[in-house]
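Me: I'd like to learn how to read helix packing and backbone angles in a model. Could you walk me through a case?

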Amino acid sequence: MNPKKIKVKLTSLLINLENFRFETVDNQKDAIKQMVEDQKEKLFNLAKSILEEGFNPHEGIIVSKRIPSSNSEVLIDQNEKNTLLSSKKYIVIEGNRRITSLKLFVNPTLLKDSKNPMLQKKFQDLHDDYFKNRSKYTFDIESSVECLYYENPNDALKWIKTKHIGQYDGVGTVSWTASQIDRFEEMTGGRASKSLQVVSFLRNLDSVSPEFKLKLNLLKVTTLDRLLADPDVRIFLGLELESGRLYSKYSLTEVQKGLVGVISDLLSPDFTVKKVYTKELRADYLDNFNPINIPNFSTFQDTSKWYLDTPDEYLKLEKTKTDEFDTQQGIGQSLSLDSLESPSSESLNSTVGIDSNLVANSNKVETVVQHPKSTSRKFVIPKSFKVTINEPKVNDIFLELKDLDITKFQNVASISLRVFIELSLDCYLEKNNLIPNNGSAAKSGLTLQKKVMDVASHLENTKKADPAICKGIKISCKDPNNLIGIDTLHAYLHNHRFASTTENLIITWNNIQDFMFRVWQ
């Protein structure tokens, strides 16, 4: 039997006591409580979305006078049991989350026994704002809800099943893959994921072989996204992130080389996400990266940046086959192809996904570079790291950390690093008015951990830094055993028995470099 379209007041809609999501309960209060315990903040987000955008017109609220069962009897609240069939009340068969979220919006006191006062406050604030600023909301809470009424609720089950049970051999909803979601976001004006930006970038380059472009269809983009979320990986590849957009200031050819190398690894049958699941594993992966595909960033770094999601910018750069060398920015030792124990140039070009015809027409001798270990330098902060610091004292400490030989002065370096971190946080807090009454950060009484958390949260909320960077910093600073944990940083200054090693100091900086760049950006 086909459903009948009806309009029902919100107060006349009853939550299903035998909701398929949960065990059966006895009354409406318990049904709502059960939903709150399971869905929590999701209910608030759903209510806010409905108020702002309305109901999804493609997913109706399904109601009946009975619950789906082989038995026509209805289990509802005792006071309702004998009057439901003759009343204007209906049981929600599909859409219980949506209706529950609206009931909580209308009456936030339903949450007083939920042991979630913050959720109740959020609903109360939304309730108050709605009735003060009705014009900014689309949904009229006082209007009736459009529903699909089934006299026999069992008739609705086959449609509910196709929605919730999964693909169901193609009968149900077939979820999009990560790359398909990315394409949708890109086509509808949303920001493409980091992985899709890389894939689109390589597809647009004439210097990438057609065979390699075909293989991109097989790429597991979630693993690539995991790699690109790591600041150390991005630095290795010559990439930076700005409001979700990947960009570079380096040679397009070298950036292409590194990205093709990464994707070639990901497309290998024996490569799994377990190899790059943690930061330590990703560091090992970079240490063992195929030398053929390591980018050579000893070349000149231009002052202009080009974005991977803007073809008009980088396609002009693709024709450029020469670079200026900046010896002060050198990373590693250059090796000619002749010195490598590698296959012929033809097979080599196939490995890195570069069209051999283009290489044959170029007079430039391609070079690759073998990076030293990231901990092999003699200074806490690498020479290549540059930020503008307008505070003279803080800038002096910064420059000293770039020049101080930590193999000779590791204690001075560890104390200076600890001071530089806190002063940098103080400057950020004051610059962004994050200290109460615009006071001094030094006199605020805030702990170092609190400063780290406040700055990281502000960077994330203002979208000045990737959430992955901020999350990593927050987690690390709370871990007493972490090299960048607050306890470790305090020990540099206050524990007369504790001394850091040169390698640990460098690792500490490597782990926070991207975060510190955002602090001073």
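This is a predicted model: local features need pLDDT of at least 70, side-chain atom pairs count only at pLDDT 80 or more; totals for chains, interfaces and linings use all residues.

Me: At what angle do α19 and α20 pack?

Reply: Helices here are DSSP runs (H or I, at least four residues), numbered from the N terminus. Axes are lines fitted to C-alpha atoms over the stretch in contact, and angles run from 0 to 180 degrees between N-to-C directions. Helix α19 (residues 448–461) and helix α20 (residues 467–478) pack at about 170 degrees, with axes 9 Å apart. They are therefore roughly antiparallel (over 145 degrees).

Me: Which residues of α19 and α20 meet?

Reply: Contact means heavy atoms within 4.5 Å. Among those in α19 are Val452, Met453 and Leu459, while the α20 side includes Pro467, Ile473 and Lys474.

Me: Is Ile421 buried or exposed?

Reply: Buried means under 20% relative accessible area, exposed over 50%, partly exposed in between (1.4 Å probe, protein chains only). Ile421, in helix α18 (residues 410–431), has 8% relative accessibility, so Ile421 counts as buried.

Me: What is phi of Lys40 and of Asn433?

Reply: Phi of Lys40 is near 50 degrees, a positive value in a residue other than glycine. Lys40 sits in the loop between α1 and α2 and is partly exposed at 44%. For Asn433, phi is near 55 degrees, also positive; Asn433 lies in the loop between α18 and α19 and is exposed at 53%.

Technical notes: Residues are numbered from 1 along each chain as its sequence is written. Side-chain values use heavy atoms; hydrogens and water are left out. Helices (H or I, at least four residues) and strands (E, at least two) are DSSP runs, numbered from the N terminus. Angles under 35 degrees count as roughly parallel, over 145 as roughly antiparallel, 65 to 115 as roughly perpendicular and the rest as oblique.
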